[in-house]
Amino acid sequence: MILIDNHCYFSFLFLLFEFYKSGKLFIQGLIVSSRKDSLQHFKQPWAHEHEPVKDLLSAVKAIKPTVLIGSSGVGRTFTKEVIEAVSSYNEKPLILALSNPTSQSECTAEEAYTWSEGRAIFASGSPFDPFEYNGKVYVSGQANNAYIFPGFGLGLVISGAIRVHDDMLLAASEALAGQVSKENYDMGLIYPPFSNIRKISAQIAASVAAKAYELGLATRLPRPADLFKYAESCMYTPNYRSYR
């Protein structure tokens, strides 16, 4: 079950549509069917059969989510009580505090790890330093759109895609997730190290392009034999000649 604390914008929820269709996605307690007549049209598909609740803690207690996603732009909404409640229902709660800058983050890495007694899987929109808890060093990932957009756009360009399909977004997400190693995960990371961003972007581009060809939306023919190498060859490299 996923609970999203979101008061401001809904564009990124498109990527969570599969969870919604399975009935496992809730947007706090405000988006419920009893308010459907007064909801804006883009919120109506997300309405659930559930009684309204007035605050995030009440929503957590009512829904018992396994994943908590914050994108409200309101700092410190993932309070000690909220994280302790989520942690009481899950051995490994997934907590994503995606708002930035740091002052608007729903919680810090230190708070997430401390209040969950070191059990949280945490990522954030703003970067946080590694944190040590009970002798273990936790390295949290930064959930930054720089992981997806450059590679996604490159995949569209190198394939000559005539339009963007939902499955391309899923292909990009799966390509990113597939580059997280067990070593990364053991450190607390759910994103690959950003230091490898060029390789990450090339892999995402190759996956997006492959999906474009699979769906018959690619116009650059024939298809390159090795999309990953082709993606790398099309990337800008800031190397300059020395004239002195």
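Modeller: Helices, meaning H or I runs of at least four residues, and strands, meaning E runs of at least two, are DSSP runs numbered from the N terminus, and the model they are assigned on is a predicted one.

Colleague: OK, then where does Glu117 lie?

Modeller: Glu117 lies in the loop between H4 and strand E5, which covers residues 121–124.

Colleague: And is Glu117 buried or exposed?

Modeller: Glu117 is exposed, because its relative accessible area of 55% is above the 50% cut-off for that class.

Colleague: What is its phi like, for Glu117?

Modeller: The phi of Glu117 is near 60°, a positive value in a residue other than glycine. Most residues other than glycine have a negative phi. Arg76 also has a positive phi, near 60°, and is likewise not a glycine.

Colleague: Where is the place of Arg76, and how accessible is it?

Modeller: Arg76 sits in the loop between strand E3 (67–70) and helix H3 (80–89), and with a relative accessibility of 39% it counts as partly exposed.

Colleague: What about Ser72, where is that found?

Modeller: Ser72 is found in the loop between E3 and H3, but Ser72 is buried, with a relative accessible area of 3%.

Colleague: What does the side chain of Ser72 reach?

Modeller: The Ser72 side chain reaches the backbone nitrogen of Val74, at a distance of 3.2 Å.

Colleague: Changing topic, which residues does UniProt list for "binding site"?

Modeller: The UniProt record, an unreviewed entry, lists Asn100 and Asn144 under "binding site". They span 45 residues in sequence, yet no two of their C-alpha atoms are more than 10.1 Å apart, so they gather at one spot. Of this set, Asn144 is taken in by the lining of the second largest pocket.

Colleague: Where do I find Asn144 in the fold, and how accessible is it?

Modeller: Asn144 is in the loop between strand E8 (141–142) and H5, and at 27% relative accessibility Asn144 counts as partly exposed.

Colleague: And where is the place of Asn100, and what does it touch?

Modeller: Asn100 is in the loop between strand E4 (94–97) and helix H4 (109–115), where, leaving aside residues up to four places away in sequence, Asn100 touches Gly125 and Ser126. With 49% relative accessibility, Asn100 counts as partly exposed, since the exposed class starts over 50%.

Colleague: What is the peptide bond from Asn100 to Pro101?

Modeller: The peptide bond from Asn100 to Pro101 is cis, with omega near 5°, and Pro101 is itself found in the loop between E4 and H4. Most peptide bonds are trans. The peptide bond from Leu221 to Pro222 is also cis, with omega near 0°, and Pro222 is found in the loop between H8 and H9.

Colleague: Since you mention H8, how many residues has it, and how far does it reach?

Modeller: Helix H8 runs over residues 197–214, has 18 residues and reaches 25 Å from its first C-alpha to its last, which is close to the 26 Å expected at 1.5 Å a residue.

Colleague: Which residues in H8 are buried, and what do they pack against?

Modeller: The buried residues of H8 include Ile200, Ile204, Val208, Lys211 and Tyr213, as well as several alanines, among them Ala202 and Ala209. The buried residues of H8 pack against helix H5 (149–159), helix H6 (166–177) and helix H9 (227–233).

Colleague: And what happens just after H8?

Modeller: Just after H8, Gly216 takes a positive phi of about 75°.

How values were computed
Residues numbered from 1 in each chain as written. Predicted model: local features only at pLDDT ≥ 70, side-chain atom pairs only at ≥ 80, totals over all residues. Heavy atoms only, no water. Expected span 1.5 Å × (residues − 1). Buried < 20%, exposed > 50% of the residue type's maximum accessible area, 1.4 Å probe, protein only. Contact = heavy atoms within 4.5 Å. UniProt positions renumbered as here; feature names shortened; annotations may be inferred. 1 Å grid on protein atoms, 1.4 Å probe; cavity = no way out; pocket = protein on both sides within 12 Å on 5 of 7 lines; lining within 4 Å. Polar contact = N/O pair within 3.5 Å; in protein donor to acceptor, adjacent residues only side chain to side chain.
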